[in-house]
Amino acid sequence: MTSPSLESEQPSYAERPHLTNCRFIRWDRVARADTARNALGALLREFDAWEPPRRRARKAKDQARLEAALEAIVLELFWCAQEDPETFLAYPRGTSEFGPGRTPERITASAARTVAEFLQAAELATGTPGSYMRKTVGELSTGRGYRSRLRATGKLMGLLDAHGVTCDAIDTAPLETTIRLRGRAPDRNSAKPLLGFTETPEVAVMRARVDAANALRLQARLELDLTGPAAVPTPPQVRDTEGRGEEEYVDASDLSAVQLYRVFNNGSWEQGGRFYGGWWQRRPKAERARILIDGEVTVELDYKAFQPRICYDLERVPLPTTTDPHLIPGYDLPYREAAKRAFGQLLNSDAETAPRRPKEFLRLFKRVKDYRAFLEALEDSYGAVRGWLRQGRGLEMQYIDSQIADEVMHRLTVQGIPVLPIHDSFIVPLSAEVDLGVAMITAYRDVLTERTGTPALPVIDGWSRPHVVTRVQERLPSLD
(Lines give C-alpha, C1' and ligand atoms only; values in the text may rest on other atoms or scores of the structure.)
Protein backbone atom coordinates (compact mmCIF):
# COMPACT_ATOMS: atom_id res chain seq x y z
CA MET A 1 0.00 0.00 0.00
CA THR A 2 1.11 3.57 -0.57
CA SER A 3 0.80 6.55 1.70
CA PRO A 4 -2.18 8.85 1.08
CA SER A 5 0.00 11.65 -0.27
CA LEU A 6 1.42 9.37 -2.93
CA GLU A 7 -1.75 7.41 -3.69
CA SER A 8 -3.57 10.55 -4.75
CA GLU A 9 -0.86 11.24 -7.33
CA GLN A 10 -1.14 7.90 -9.11
CA PRO A 11 -2.67 8.30 -12.58
CA SER A 12 -5.63 6.15 -13.48
CA TYR A 13 -5.35 3.24 -15.90
CA ALA A 14 -7.00 5.32 -18.64
CA GLU A 15 -4.33 8.00 -18.22
CA ARG A 16 -1.48 5.55 -18.87
CA PRO A 17 -1.72 4.71 -22.59
CA HIS A 18 1.53 2.73 -22.41
CA LEU A 19 -0.44 0.03 -20.57
CA THR A 20 -2.97 -0.36 -23.39
CA ASN A 21 -2.58 -3.55 -25.43
CA CYS A 22 0.21 -4.70 -23.18
CA ARG A 23 0.75 -7.60 -20.80
CA PHE A 24 3.66 -8.68 -18.65
CA ILE A 25 6.17 -11.13 -20.12
CA ARG A 26 6.22 -14.80 -19.11
CA TRP A 27 9.70 -16.24 -18.54
CA ASP A 28 8.77 -19.94 -18.50
CA ARG A 29 8.37 -20.59 -22.23
CA VAL A 30 10.60 -23.44 -23.44
CA ALA A 31 10.90 -25.35 -26.70
CA ARG A 32 9.04 -28.65 -26.79
CA ALA A 33 9.68 -29.70 -30.41
CA ASP A 34 12.61 -29.70 -32.82
CA THR A 35 10.87 -27.10 -34.97
CA ALA A 36 11.20 -24.55 -32.17
CA ARG A 37 14.72 -25.65 -31.25
CA ASN A 38 15.87 -25.34 -34.87
CA ALA A 39 14.37 -21.85 -35.16
CA LEU A 40 16.14 -20.79 -31.97
CA GLY A 41 19.39 -22.18 -33.35
CA ALA A 42 19.01 -20.04 -36.47
CA LEU A 43 18.36 -16.97 -34.32
CA LEU A 44 21.39 -17.74 -32.17
CA ARG A 45 23.56 -17.82 -35.28
CA GLU A 46 22.10 -14.49 -36.32
CA PHE A 47 22.85 -13.14 -32.86
CA ASP A 48 26.48 -14.27 -33.11
CA ALA A 49 26.78 -12.40 -36.41
CA TRP A 50 25.20 -9.26 -34.89
CA GLU A 51 27.24 -9.15 -31.70
CA PRO A 52 30.52 -7.18 -31.89
CA PRO A 53 33.66 -9.37 -31.82
CA ARG A 54 34.60 -10.45 -28.30
CA ARG A 55 38.16 -10.53 -26.98
CA ARG A 56 37.46 -13.87 -25.36
CA ALA A 57 34.72 -16.46 -25.62
CA ARG A 58 31.70 -16.09 -23.37
CA LYS A 59 31.81 -18.34 -20.31
CA ALA A 60 29.72 -21.49 -20.58
CA LYS A 61 27.30 -20.41 -17.85
CA ASP A 62 26.87 -16.97 -19.45
CA GLN A 63 26.25 -18.59 -22.83
CA ALA A 64 23.61 -20.84 -21.27
CA ARG A 65 21.91 -17.80 -19.72
CA LEU A 66 21.92 -15.97 -23.05
CA GLU A 67 20.38 -18.94 -24.83
CA ALA A 68 17.77 -19.31 -22.09
CA ALA A 69 16.79 -15.64 -22.37
CA LEU A 70 16.59 -15.91 -26.16
CA GLU A 71 14.39 -19.02 -25.88
CA ALA A 72 12.05 -17.48 -23.31
CA ILE A 73 11.66 -14.09 -25.00
CA VAL A 74 11.31 -15.31 -28.59
CA LEU A 75 8.81 -18.05 -27.78
CA GLU A 76 6.81 -15.67 -25.58
CA LEU A 77 6.77 -13.08 -28.40
CA PHE A 78 5.48 -15.76 -30.76
CA TRP A 79 2.84 -16.95 -28.30
CA CYS A 80 1.67 -13.42 -27.62
CA ALA A 81 1.43 -12.63 -31.34
CA GLN A 82 -0.71 -15.74 -31.86
CA GLU A 83 -3.12 -14.47 -29.21
CA ASP A 84 -3.16 -10.88 -30.46
CA PRO A 85 -0.54 -9.44 -32.86
CA GLU A 86 -1.21 -5.93 -31.50
CA THR A 87 -0.32 -6.77 -27.90
CA PHE A 88 3.05 -5.74 -26.47
CA LEU A 89 5.01 -7.59 -23.80
CA ALA A 90 6.23 -5.48 -20.89
CA TYR A 91 9.55 -6.62 -19.44
CA PRO A 92 11.83 -5.40 -16.65
CA ARG A 93 15.44 -4.34 -17.16
CA GLY A 94 16.53 -3.73 -13.58
CA THR A 95 18.60 -6.40 -11.86
CA SER A 96 16.40 -6.25 -8.76
CA GLU A 97 13.43 -7.58 -10.75
CA PHE A 98 15.21 -10.82 -11.63
CA GLY A 99 15.97 -13.74 -9.36
CA PRO A 100 14.12 -16.29 -7.19
CA GLY A 101 10.38 -15.75 -7.06
CA ARG A 102 10.51 -13.37 -10.02
CA THR A 103 12.26 -15.19 -12.85
CA PRO A 104 13.70 -18.69 -13.36
CA GLU A 105 17.31 -19.07 -12.21
CA ARG A 106 18.45 -19.41 -15.83
CA ILE A 107 17.12 -15.93 -16.74
CA THR A 108 19.29 -12.93 -15.79
CA ALA A 109 18.80 -9.21 -16.31
CA SER A 110 21.95 -8.82 -18.38
CA ALA A 111 21.06 -11.64 -20.77
CA ALA A 112 17.46 -10.44 -21.12
CA ARG A 113 18.57 -6.89 -21.94
CA THR A 114 21.08 -8.16 -24.50
CA VAL A 115 18.48 -10.34 -26.23
CA ALA A 116 15.94 -7.49 -26.32
CA GLU A 117 18.52 -5.16 -27.87
CA PHE A 118 19.44 -7.77 -30.48
CA LEU A 119 15.84 -8.46 -31.47
CA GLN A 120 15.13 -4.77 -31.98
CA ALA A 121 18.40 -4.09 -33.82
CA ALA A 122 17.70 -7.04 -36.15
CA GLU A 123 14.12 -5.77 -36.70
CA LEU A 124 12.75 -9.02 -35.25
CA ALA A 125 10.89 -7.06 -32.60
CA THR A 126 9.72 -3.53 -32.12
CA GLY A 127 9.27 -1.76 -28.84
CA THR A 128 9.72 1.25 -26.64
CA PRO A 129 12.23 1.78 -23.80
CA GLY A 130 11.12 2.16 -20.23
CA SER A 131 11.82 5.03 -17.89
CA TYR A 132 12.00 5.77 -14.18
CA MET A 133 11.67 8.98 -12.19
CA ARG A 134 12.56 9.04 -8.52
CA LYS A 135 10.63 11.21 -6.08
CA THR A 136 11.23 12.09 -2.46
CA VAL A 137 8.33 12.96 -0.15
CA GLY A 138 9.60 13.85 3.30
CA GLU A 139 11.94 11.03 4.28
CA LEU A 140 10.33 8.57 1.87
CA SER A 141 12.11 7.95 -1.44
CA THR A 142 9.91 6.45 -4.11
CA GLY A 143 9.34 6.72 -7.82
CA ARG A 144 7.21 5.97 -10.83
CA GLY A 145 8.42 4.15 -13.92
CA TYR A 146 7.22 2.63 -17.15
CA ARG A 147 8.38 -0.82 -18.18
CA SER A 148 10.05 -1.42 -21.52
CA ARG A 149 7.92 -3.16 -24.16
CA LEU A 150 8.47 -5.58 -27.05
CA ARG A 151 6.29 -6.95 -29.84
CA ALA A 152 7.16 -9.45 -32.57
CA THR A 153 7.54 -8.14 -36.11
CA GLY A 154 6.49 -9.86 -39.30
CA LYS A 155 10.14 -10.74 -39.87
CA LEU A 156 10.34 -12.80 -36.68
CA MET A 157 6.97 -14.46 -37.27
CA GLY A 158 8.02 -15.32 -40.82
CA LEU A 159 11.26 -16.91 -39.62
CA LEU A 160 9.45 -19.01 -37.03
CA ASP A 161 6.74 -19.97 -39.50
CA ALA A 162 9.39 -21.08 -42.01
CA HIS A 163 10.71 -23.51 -39.41
CA GLY A 164 7.20 -24.85 -38.74
CA VAL A 165 6.86 -23.42 -35.24
CA THR A 166 3.37 -23.60 -33.74
CA CYS A 167 2.05 -23.16 -30.21
CA ASP A 168 2.18 -26.95 -29.87
CA ALA A 169 5.97 -26.68 -30.20
CA ILE A 170 6.13 -24.55 -27.04
CA ASP A 171 5.96 -25.86 -23.48
CA THR A 172 5.79 -24.35 -20.00
CA ALA A 173 8.69 -25.02 -17.66
CA PRO A 174 7.77 -26.03 -14.09
CA LEU A 175 8.03 -23.26 -11.51
CA GLU A 176 11.31 -23.34 -9.61
CA THR A 177 10.00 -21.66 -6.46
CA THR A 178 6.54 -22.99 -5.60
CA ILE A 179 7.07 -22.37 -1.88
CA ARG A 180 8.08 -18.80 -1.02
CA LEU A 181 8.91 -17.22 2.31
CA ARG A 182 8.77 -13.43 2.46
CA GLY A 183 10.10 -11.14 5.15
CA ARG A 184 8.59 -7.92 6.42
CA ALA A 185 8.48 -4.98 4.02
CA PRO A 186 11.12 -2.35 4.94
CA ASP A 187 8.47 0.36 4.56
CA ARG A 188 4.87 0.76 3.44
CA ASN A 189 5.92 1.51 -0.14
CA SER A 190 8.16 -1.52 -0.65
CA ALA A 191 7.68 -5.14 -1.60
CA LYS A 192 8.27 -7.87 0.95
CA PRO A 193 11.70 -9.44 0.32
CA LEU A 194 12.06 -13.12 -0.45
CA LEU A 195 14.00 -15.04 2.19
CA GLY A 196 16.13 -18.13 1.92
CA PHE A 197 15.14 -21.15 3.99
CA THR A 198 16.08 -24.72 4.75
CA GLU A 199 14.15 -27.44 2.94
CA THR A 200 12.66 -29.30 5.91
CA PRO A 201 10.54 -32.45 5.48
CA GLU A 202 7.43 -30.32 6.12
CA VAL A 203 8.39 -27.86 3.36
CA ALA A 204 9.16 -30.75 1.02
CA VAL A 205 5.65 -32.14 1.54
CA MET A 206 4.10 -28.73 0.82
CA ARG A 207 6.19 -28.35 -2.32
CA ALA A 208 5.30 -31.83 -3.56
CA ARG A 209 1.58 -31.08 -3.18
CA VAL A 210 1.81 -27.79 -5.08
CA ASP A 211 3.91 -29.38 -7.83
CA ALA A 212 1.48 -32.28 -8.25
CA ALA A 213 -1.52 -29.95 -8.56
CA ASN A 214 0.41 -27.75 -11.02
CA ALA A 215 1.32 -30.75 -13.17
CA LEU A 216 -2.35 -31.74 -13.35
CA ARG A 217 -3.41 -28.24 -14.40
CA LEU A 218 -0.68 -28.12 -17.06
CA GLN A 219 -2.12 -31.29 -18.58
CA ALA A 220 -5.67 -29.93 -18.55
CA ARG A 221 -7.12 -27.63 -21.22
CA LEU A 222 -8.43 -24.47 -19.59
CA GLU A 223 -10.61 -22.20 -21.70
CA LEU A 224 -12.93 -19.27 -21.25
CA ASP A 225 -16.24 -19.43 -23.11
CA LEU A 226 -16.73 -15.85 -24.27
CA THR A 227 -19.64 -16.54 -26.61
CA GLY A 228 -22.87 -14.70 -26.04
CA PRO A 229 -23.80 -11.02 -25.81
CA ALA A 230 -22.85 -10.61 -22.14
CA ALA A 231 -19.29 -11.85 -22.60
CA VAL A 232 -16.59 -9.18 -22.49
CA PRO A 233 -13.01 -10.46 -22.53
CA THR A 234 -10.68 -9.07 -19.90
CA PRO A 235 -8.00 -6.95 -21.63
CA PRO A 236 -4.28 -7.62 -21.15
CA GLN A 237 -3.01 -6.11 -17.91
CA VAL A 238 0.38 -4.91 -16.77
CA ARG A 239 1.67 -2.92 -13.85
CA ASP A 240 4.24 -0.18 -13.91
CA THR A 241 7.50 -0.84 -12.07
CA GLU A 242 7.19 -2.74 -8.82
CA GLY A 243 7.60 -1.41 -5.31
CA ARG A 244 4.06 -1.00 -4.00
CA GLY A 245 3.85 -4.26 -2.10
CA GLU A 246 1.81 -6.04 -4.79
CA GLU A 247 4.19 -8.98 -5.18
CA GLU A 248 1.67 -11.68 -6.04
CA TYR A 249 0.49 -10.54 -9.45
CA VAL A 250 -0.72 -12.34 -12.54
CA ASP A 251 -2.17 -11.10 -15.80
CA ALA A 252 -5.82 -12.20 -15.89
CA SER A 253 -5.77 -12.29 -19.69
CA ASP A 254 -2.94 -14.86 -19.84
CA LEU A 255 -4.77 -18.19 -19.86
CA SER A 256 -1.51 -20.13 -19.82
CA ALA A 257 -0.72 -18.91 -16.28
CA VAL A 258 -1.91 -22.06 -14.48
CA GLN A 259 0.96 -22.85 -12.10
CA LEU A 260 0.45 -21.79 -8.49
CA TYR A 261 2.91 -21.08 -5.72
CA ARG A 262 2.39 -20.77 -1.98
CA VAL A 263 3.52 -17.64 -0.09
CA PHE A 264 4.30 -17.36 3.61
CA ASN A 265 4.92 -14.00 5.25
CA ASN A 266 6.98 -12.18 7.86
CA GLY A 267 9.57 -14.97 7.92
CA SER A 268 7.06 -17.34 9.54
CA TRP A 269 5.66 -20.64 8.33
CA GLU A 270 2.47 -19.90 10.27
CA GLN A 271 1.59 -16.59 8.62
CA GLY A 272 0.03 -16.47 5.17
CA GLY A 273 0.49 -19.58 3.08
CA ARG A 274 -2.09 -18.77 0.42
CA PHE A 275 -1.80 -19.84 -3.22
CA TYR A 276 -1.18 -17.37 -6.06
CA GLY A 277 -0.34 -17.36 -9.76
CA GLY A 278 -3.53 -18.48 -11.56
CA TRP A 279 -5.15 -16.23 -14.16
CA TRP A 280 -8.66 -17.15 -12.92
CA GLN A 281 -7.90 -15.64 -9.51
CA ARG A 282 -8.02 -12.16 -11.06
CA ARG A 283 -11.27 -12.72 -12.93
CA PRO A 284 -14.69 -11.59 -11.63
CA LYS A 285 -17.03 -14.38 -10.57
CA ALA A 286 -19.32 -13.87 -13.58
CA GLU A 287 -16.40 -14.58 -15.90
CA ARG A 288 -15.20 -17.54 -13.85
CA ALA A 289 -18.58 -19.15 -14.48
CA ARG A 290 -17.56 -19.37 -18.16
CA ILE A 291 -14.43 -21.43 -17.52
CA LEU A 292 -14.21 -24.79 -19.29
CA ILE A 293 -11.86 -27.57 -18.17
CA ASP A 294 -11.10 -30.05 -20.93
CA GLY A 295 -14.18 -28.77 -22.73
CA GLU A 296 -16.49 -29.39 -19.75
CA VAL A 297 -18.49 -26.69 -18.01
CA THR A 298 -17.43 -26.04 -14.44
CA VAL A 299 -18.88 -25.29 -11.03
CA GLU A 300 -17.50 -23.01 -8.34
CA LEU A 301 -18.25 -23.86 -4.71
CA ASP A 302 -17.28 -21.45 -1.97
CA TYR A 303 -17.12 -21.44 1.80
CA LYS A 304 -19.78 -18.99 2.90
CA ALA A 305 -18.50 -16.43 5.45
CA PHE A 306 -15.29 -18.48 5.50
CA GLN A 307 -13.07 -16.53 7.89
CA PRO A 308 -15.80 -15.42 10.34
CA ARG A 309 -16.99 -19.01 10.71
CA ILE A 310 -13.43 -20.20 11.26
CA CYS A 311 -13.13 -17.62 14.07
CA TYR A 312 -16.31 -18.85 15.74
CA ASP A 313 -15.27 -22.48 15.41
CA LEU A 314 -11.82 -21.77 16.84
CA GLU A 315 -13.49 -20.10 19.82
CA ARG A 316 -15.76 -23.17 20.17
CA VAL A 317 -18.95 -21.17 19.68
CA PRO A 318 -20.04 -22.44 16.23
CA LEU A 319 -22.65 -20.47 14.35
CA PRO A 320 -25.90 -22.10 13.25
CA THR A 321 -25.79 -22.95 9.56
CA THR A 322 -28.69 -20.55 8.94
CA THR A 323 -26.87 -17.57 10.50
CA ASP A 324 -25.16 -15.13 8.14
CA PRO A 325 -22.52 -13.29 10.22
CA HIS A 326 -22.21 -10.59 7.55
CA LEU A 327 -25.74 -9.35 8.24
CA ILE A 328 -25.23 -6.72 10.92
CA PRO A 329 -28.14 -5.69 13.21
CA GLY A 330 -29.42 -2.29 12.23
CA TYR A 331 -28.14 -2.56 8.66
CA ASP A 332 -30.08 -4.15 5.83
CA LEU A 333 -28.95 -6.43 2.97
CA PRO A 334 -27.18 -3.76 0.83
CA TYR A 335 -24.62 -3.44 3.63
CA ARG A 336 -23.64 -7.12 3.53
CA GLU A 337 -20.77 -6.64 1.07
CA ALA A 338 -19.50 -3.74 3.15
CA ALA A 339 -19.55 -5.99 6.22
CA LYS A 340 -17.42 -8.59 4.42
CA ARG A 341 -14.87 -5.95 3.52
CA ALA A 342 -14.95 -4.36 6.99
CA PHE A 343 -14.44 -7.72 8.71
CA GLY A 344 -11.29 -8.24 6.65
CA GLN A 345 -10.07 -4.78 7.57
CA LEU A 346 -10.60 -5.40 11.28
CA LEU A 347 -8.95 -8.81 11.05
CA ASN A 348 -5.82 -7.28 9.50
CA SER A 349 -5.63 -4.00 11.42
CA ASP A 350 -4.12 -3.46 14.85
CA ALA A 351 -5.43 -1.47 17.80
CA GLU A 352 -3.65 1.69 16.66
CA THR A 353 -4.69 1.60 12.99
CA ALA A 354 -8.20 2.76 12.13
CA PRO A 355 -9.58 1.05 9.00
CA ARG A 356 -10.23 3.47 6.15
CA ARG A 357 -13.61 3.92 4.55
CA PRO A 358 -13.47 1.86 1.29
CA LYS A 359 -13.98 3.94 -1.84
CA GLU A 360 -16.46 1.47 -3.32
CA PHE A 361 -18.82 2.02 -0.37
CA LEU A 362 -18.84 5.82 -0.30
CA ARG A 363 -22.48 5.84 -1.39
CA LEU A 364 -23.38 3.82 1.72
CA PHE A 365 -21.17 5.81 4.09
CA LYS A 366 -21.15 9.42 2.97
CA ARG A 367 -19.30 10.54 6.11
CA VAL A 368 -16.31 9.02 7.85
CA LYS A 369 -18.23 8.89 11.11
CA ASP A 370 -20.93 6.82 9.39
CA TYR A 371 -18.34 4.16 8.59
CA ARG A 372 -16.92 4.28 12.11
CA ALA A 373 -20.40 3.71 13.50
CA PHE A 374 -20.78 0.74 11.15
CA LEU A 375 -17.48 -0.72 12.39
CA GLU A 376 -18.63 -0.38 15.99
CA ALA A 377 -21.90 -2.17 15.17
CA LEU A 378 -19.97 -4.90 13.40
CA GLU A 379 -17.64 -5.40 16.36
CA ASP A 380 -20.61 -5.62 18.70
CA SER A 381 -22.19 -8.20 16.40
CA TYR A 382 -18.97 -10.25 16.45
CA GLY A 383 -18.63 -10.03 20.21
CA ALA A 384 -17.82 -13.73 20.72
CA VAL A 385 -14.76 -13.49 18.42
CA ARG A 386 -13.71 -9.95 19.26
CA GLY A 387 -10.24 -11.23 20.16
CA TRP A 388 -9.58 -11.72 16.46
CA LEU A 389 -10.34 -8.09 15.55
CA ARG A 390 -7.92 -5.14 15.62
CA GLN A 391 -5.16 -7.51 16.74
CA GLY A 392 -3.25 -7.80 13.46
CA ARG A 393 -4.16 -11.48 13.13
CA GLY A 394 -5.01 -11.48 9.43
CA LEU A 395 -1.96 -13.48 8.34
CA GLU A 396 -2.56 -15.95 11.15
CA MET A 397 -6.07 -16.48 9.81
CA GLN A 398 -4.72 -16.79 6.25
CA TYR A 399 -2.48 -19.62 7.39
CA ILE A 400 -5.46 -21.52 8.76
CA ASP A 401 -7.60 -20.99 5.66
CA SER A 402 -4.62 -21.90 3.44
CA GLN A 403 -4.26 -25.20 5.33
CA ILE A 404 -7.86 -25.96 4.45
CA ALA A 405 -7.34 -24.96 0.81
CA ASP A 406 -4.20 -27.08 0.61
CA GLU A 407 -6.09 -30.09 1.93
CA VAL A 408 -8.96 -29.57 -0.53
CA MET A 409 -6.57 -29.43 -3.50
CA HIS A 410 -4.56 -32.41 -2.31
CA ARG A 411 -7.67 -34.59 -1.96
CA LEU A 412 -8.77 -33.72 -5.49
CA THR A 413 -5.29 -33.99 -7.02
CA VAL A 414 -4.83 -37.59 -5.83
CA GLN A 415 -8.13 -38.33 -7.59
CA GLY A 416 -6.79 -36.82 -10.82
CA ILE A 417 -9.19 -33.86 -10.71
CA PRO A 418 -7.72 -30.47 -11.73
CA VAL A 419 -8.87 -27.74 -9.36
CA LEU A 420 -8.67 -23.95 -9.61
CA PRO A 421 -8.61 -22.28 -6.14
CA ILE A 422 -9.58 -18.69 -5.33
CA HIS A 423 -8.63 -18.73 -1.61
CA ASP A 424 -12.11 -19.53 -0.24
CA SER A 425 -13.68 -21.08 -3.34
CA PHE A 426 -12.75 -23.79 -5.84
CA ILE A 427 -13.56 -24.48 -9.49
CA VAL A 428 -13.75 -28.02 -10.90
CA PRO A 429 -15.44 -29.73 -13.85
CA LEU A 430 -19.16 -30.11 -13.20
CA SER A 431 -18.78 -33.90 -13.14
CA ALA A 432 -16.50 -33.53 -10.08
CA GLU A 433 -18.88 -31.36 -8.04
CA VAL A 434 -19.65 -34.10 -5.52
CA ASP A 435 -15.94 -34.86 -5.10
CA LEU A 436 -15.28 -31.17 -4.47
CA GLY A 437 -18.09 -30.91 -1.94
CA VAL A 438 -16.82 -33.92 0.00
CA ALA A 439 -13.25 -32.56 -0.08
CA MET A 440 -14.29 -29.09 1.15
CA ILE A 441 -16.36 -30.40 4.06
CA THR A 442 -13.84 -32.99 5.22
CA ALA A 443 -10.85 -30.64 4.83
CA TYR A 444 -12.56 -27.93 6.88
CA ARG A 445 -13.67 -30.42 9.52
CA ASP A 446 -10.28 -32.09 9.83
CA VAL A 447 -8.21 -28.89 10.04
CA LEU A 448 -10.50 -27.24 12.60
CA THR A 449 -10.96 -30.43 14.64
CA GLU A 450 -7.19 -30.85 14.89
CA ARG A 451 -6.96 -27.34 16.35
CA THR A 452 -9.93 -27.45 18.71
CA GLY A 453 -10.74 -31.10 19.35
CA THR A 454 -14.34 -30.31 18.41
CA PRO A 455 -15.84 -31.27 15.02
CA ALA A 456 -16.73 -28.22 12.93
CA LEU A 457 -18.66 -28.04 9.68
CA PRO A 458 -18.66 -25.29 7.07
CA VAL A 459 -21.47 -23.76 5.05
CA ILE A 460 -20.94 -24.20 1.33
CA ASP A 461 -22.58 -22.15 -1.40
CA GLY A 462 -22.81 -22.43 -5.17
CA TRP A 463 -24.28 -25.92 -5.67
CA SER A 464 -25.44 -26.48 -9.23
CA ARG A 465 -28.53 -28.48 -8.16
CA PRO A 466 -30.14 -29.21 -4.78
CA HIS A 467 -29.81 -32.99 -5.04
CA VAL A 468 -25.99 -32.70 -5.20
CA VAL A 469 -25.97 -31.83 -1.49
CA THR A 470 -27.66 -35.14 -0.69
CA ARG A 471 -25.10 -37.07 -2.73
CA VAL A 472 -22.28 -35.27 -0.90
CA GLN A 473 -23.75 -36.06 2.50
CA GLU A 474 -24.06 -39.75 1.54
CA ARG A 475 -20.34 -39.87 0.79
CA LEU A 476 -19.08 -37.97 3.83
CA PRO A 477 -16.88 -39.95 6.22
CA SER A 478 -18.37 -40.60 9.64
CA LEU A 479 -17.95 -37.88 12.26
CA ASP A 480 -17.00 -40.54 14.84
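Aspartate 401 is buried, with a relative accessible area of 1% (buried is under 20% relative accessible area, exposed over 50% and partly exposed in between, using a 1.4 Å probe and protein chains only). This is a predicted model, so to speak with care: local features need pLDDT of at least 70 and side-chain atom pairs count only at pLDDT 80 or more, while totals for chains, interfaces and linings use all residues. Residues are numbered from 1 along each chain as its sequence is written, and side-chain values use heavy atoms, with hydrogens and water left out.

**The chain overall**

- The chain's secondary structure comes to 13 helices and 18 strands; these are DSSP runs numbered from the N terminus, with helices being H or I of at least four residues and strands E of at least two.
- Of the 480 residues in the chain, 49% are buried.
- Take the contacts with a separation of 6 or more: 73% of them link residues 24 or more positions apart (contact means heavy atoms within 4.5 Å).

**Aspartate 401**

- Aspartate 401 sits in helix α11, which spans residues 394-413.
- Not counting residues up to four places away in sequence, aspartate 401 touches Arg274, Phe306, Gln307 and Ile310.

**Nonpolar cores**

- The largest nonpolar core has 76 residues, and Trp280, Tyr303, Ile310, Phe374, Ile404, Val408 and Phe426 touch the most other members. A core here is a set of buried Ala, Val, Leu, Ile, Met, Phe, Trp, Tyr and Cys residues joined through side-chain atoms within 4.5 Å.
- Helix α12 (residues 433-452) puts in the largest share of this core, with ten residues.
- Another core lies apart from it, with 45 residues, including Ile25, Tyr91, Ala116 and Ala152.
- As background, nonpolar side chains tend to be buried together in soluble globular proteins.

**Strand β17 and its partners**

- Strand β17 (residues 425-429) is mostly covered, with five of its five residues buried.
- On one pairing, β17 runs antiparallel to strand β15 (residues 296-303), joined by five bridges; two strands count as paired if DSSP finds at least two bridges between them.
- β16 and β17 make a hairpin with three residues between them, and histidine 423 in the turn has a positive phi of about 65°.

**An open sheet**

- Four strands line up as β10-β9-β12-β13 in an open sheet with mixed pairing.
- Its edge strands are β10 (194-195) and β13 (272-276), each pairing on one side only.
- Strand β9 (residues 179-182) pairs with β10 in the antiparallel sense over two bridges, and arginine 182 stands opposite leucine 194.

- Aspartate 294 is not a glycine, yet has a positive phi of about 55°. It is found in the loop between β14 (291-293) and β15, and counts as partly exposed at 44% relative accessibility.
- Alanine 305 also has a positive phi, near 50°, in a residue other than glycine. It is in the loop between β15 and α8 (306-314), and at 8% relative accessibility it counts as buried.

**The cavity**

- Searching the whole structure turns up one cavity of 30 Å³ or more. On a 1 Å grid over the protein atoms alone, a cavity is a set of points where a 1.4 Å probe fits but cannot get out, and lining residues have an atom within 4 Å of a point.
- The largest cavity has a volume of about 60 Å³, a volume being the space filled by probe spheres set on grid points joined across faces, edges and corners.
- Its lining is made up of Arg209, Val210, Ala213, Arg217, Leu260, Phe275, Asp406, Met409 and His410.
- α6 (201-219) and α11 each supply at least two lining residues, and α6 gives the most, with four.
- By type, the lining divides into five nonpolar, one polar and three charged residues. Here Ala, Val, Leu, Ile, Met, Phe, Trp, Tyr, Cys and Pro count as nonpolar, Asp, Glu, Lys and Arg as charged, and the others, Gly among them, as polar.

Technical notes:
1 Å grid on protein atoms, 1.4 Å probe; cavity = no way out; pocket = protein on both sides within 12 Å on 5 of 7 lines; lining within 4 Å.
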